[in-house]
Amino acid sequence: MKAAVVRRLGEPLVIEERPDPEPGPGQVRVRLEASGLCHTDIHAAHGDWPVRPDPPFVPGHEGVGLVESLGAGVTHLAVGQRVAVPWLGKACGRCEHCLSGWETLCEQQINTGYGCDGGYAEKMLAWADFAQPVPENISAFEAAPLTCAGVTTYKALKVAQVRPAQLVAVSGIGGLGHLAVQYAKIAGATVAAVDVTDDKLDLAAELGADIVIDARSQDVGAELKKHGGAHAAIALAVTPAAFEAVNSGLRRGGKLVMVALPAHGALRVPIFDTVLNGTSVIGSIVGTRQDLAEVFQLHAAGRTKVIYETRPLSAVNESIDEVLRGDVKARIVFDLGAGG
């Protein structure tokens, strides 16, 4: 099989021929059809974060494909079934977090494309209990971005406890943000979309955003305050300045939900204003298996639209450069169905 491999952190990925992996007990081998390119994969390949993956490894945590082989003990999946393999590759199932519905906080978790090989390949292994069945009417190319970009923003809105008629700011309209706008609209919120490019602001409006704020020429906080201030701000733009800008636009009692993970930087939270206004700063990390099942259910019902463009796996390094330049409207998905 072909795979795009990180041989050294910070260097271009290398397309290699590798033997097909054999599933162990509780695992399945997936013949991948599609795999989304998430900014997290770029951070992984560059070794940007304090906890670094160990090369060589295959990135990718939006892999979708057909089950090809079953490991011992796997009875709830079938050969030929389409599944998605998310960031949460495996959790212990026994700790306080797992038992209370917060498996994404499990300290023993293994993350796909970071702690084990991921989806930038023609085939991959997955733990069967965490491989999410994909409804029949969702294509692999639609399912791939939903597997991370979708479930991550869906969970962030849950964390923000968004209710109908509230004002929700979505900062950063791209692979995650275009889905966040839609989930906020499904929740009944008024949506303010914030970005620095015309095409992404236009996309947000097309997807139902009620207010668009161009952070190049407008004061984000002041614009939000014109509308009473945001009940919740979902921070998806990968710059500390963008976090601070939407935080300044919260109304009293509002919540800043941090999702994006810049390689460097810190958020400066004004103590006096935070205390006086009763605002909250909350971190939200991906979503659970149940969250992903709900994301697929919404898409299967026609409630969301996934904006993506396909590339062959051989264009992996050029695709990463596109993302870093901000040239991608929403999501790049690698087409692996015919060999990538």
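Buried means under 20% relative accessible area, exposed means over 50%, and partly exposed lies in between, with a 1.4 Å probe and protein chains only. This is a predicted model, in which local features need pLDDT of at least 70 and side-chain atom pairs count only at pLDDT 80 or more, while totals for chains, interfaces and linings use all residues. Residues are numbered from 1 along each chain as its sequence is written, and side-chain values use heavy atoms, with hydrogens and water left out.

**Stop 1: salt bridges**

Select glutamate 16, which is buried because its relative accessible area is 16%. Its salt-bridge partner is arginine 7, and the closest N and O atoms are 2.6 Å apart. A salt bridge here is a side-chain nitrogen of Lys or Arg within 4 Å of a carboxyl oxygen of Asp or Glu. Arginine 7 has 38% relative accessibility, so it counts as partly exposed. The structure holds 22 salt bridges.

Next, select arginine 29 and glutamate 22. Their closest N and O atoms are 3.3 Å apart, and the pair forms a salt bridge. Arginine 29 counts as buried, at 10% relative accessibility, whereas glutamate 22 is exposed, at 57%.

Then go to aspartate 327. A salt bridge joins aspartate 327 to arginine 325, with 2.7 Å between the closest N and O atoms. Aspartate 327 is partly exposed at 44% relative accessibility, and arginine 325 is exposed with a relative accessible area of 54%.

**Stop 2: aspartate 195**

Select aspartate 195, in strand β11 (residues 190–195). Strands (E, at least two residues) and helices (H or I, at least four) are DSSP runs, numbered from the N terminus. Aspartate 195 is buried yet has no salt bridge, and the nearest side chain of opposite charge, lysine 200, is 5.1 Å away. For charge, Lys and Arg count as positive and Asp and Glu as negative; His and the chain ends are not counted. Now show the backbone nitrogen of isoleucine 173, which lies 2.7 Å from a polar atom of the aspartate 195 side chain. Not counting residues up to four places away in sequence, aspartate 195 touches several residues, including Gly172, Leu201 and Ile213. Contact means heavy atoms within 4.5 Å.

**Stop 3: valine 333 and tyrosine 308**

Select valine 333 in strand β17 (residues 331–335). Valine 333 is buried, with a relative accessible area of 0%. Beyond its neighbours within four places in sequence, its contacts include Ala34, Phe141, Pro145 and Tyr308. Glutamate 33 is 300 residues from valine 333 in sequence, and 10.0 Å from it in space, C-alpha to C-alpha.

Move to tyrosine 308, in strand β16 (residues 308–312). Tyrosine 308 is partly exposed at 33% relative accessible area. Outside four places in sequence, tyrosine 308 touches Phe141, Glu142, Arg331 and Val333.

**Stop 4: a surface patch**

Finally, select Trp102, Leu105 and Ile285. They form a nonpolar patch on the surface, with about 250 Å² of accessible area together. Patch residues have over 30% relative accessible area and no salt bridge; like charges are joined within 9 Å, and nonpolar side chains (Val, Leu, Ile, Met, Phe, Trp, Tyr) within 5 Å. Accessible areas come from the Shrake-Rupley method with a 1.4 Å probe, and for residues only the protein chains shown count as cover. Isoleucine 285 lies in the loop between β15 (280–283) and α9 (289–300), and counts as partly exposed at 37% relative accessibility.

How values were computed
A polar contact is a pair of N or O atoms within 3.5 Å; within protein, one must be able to donate a hydrogen and the other to accept it, and residues adjacent in sequence count only if both atoms are side-chain atoms.
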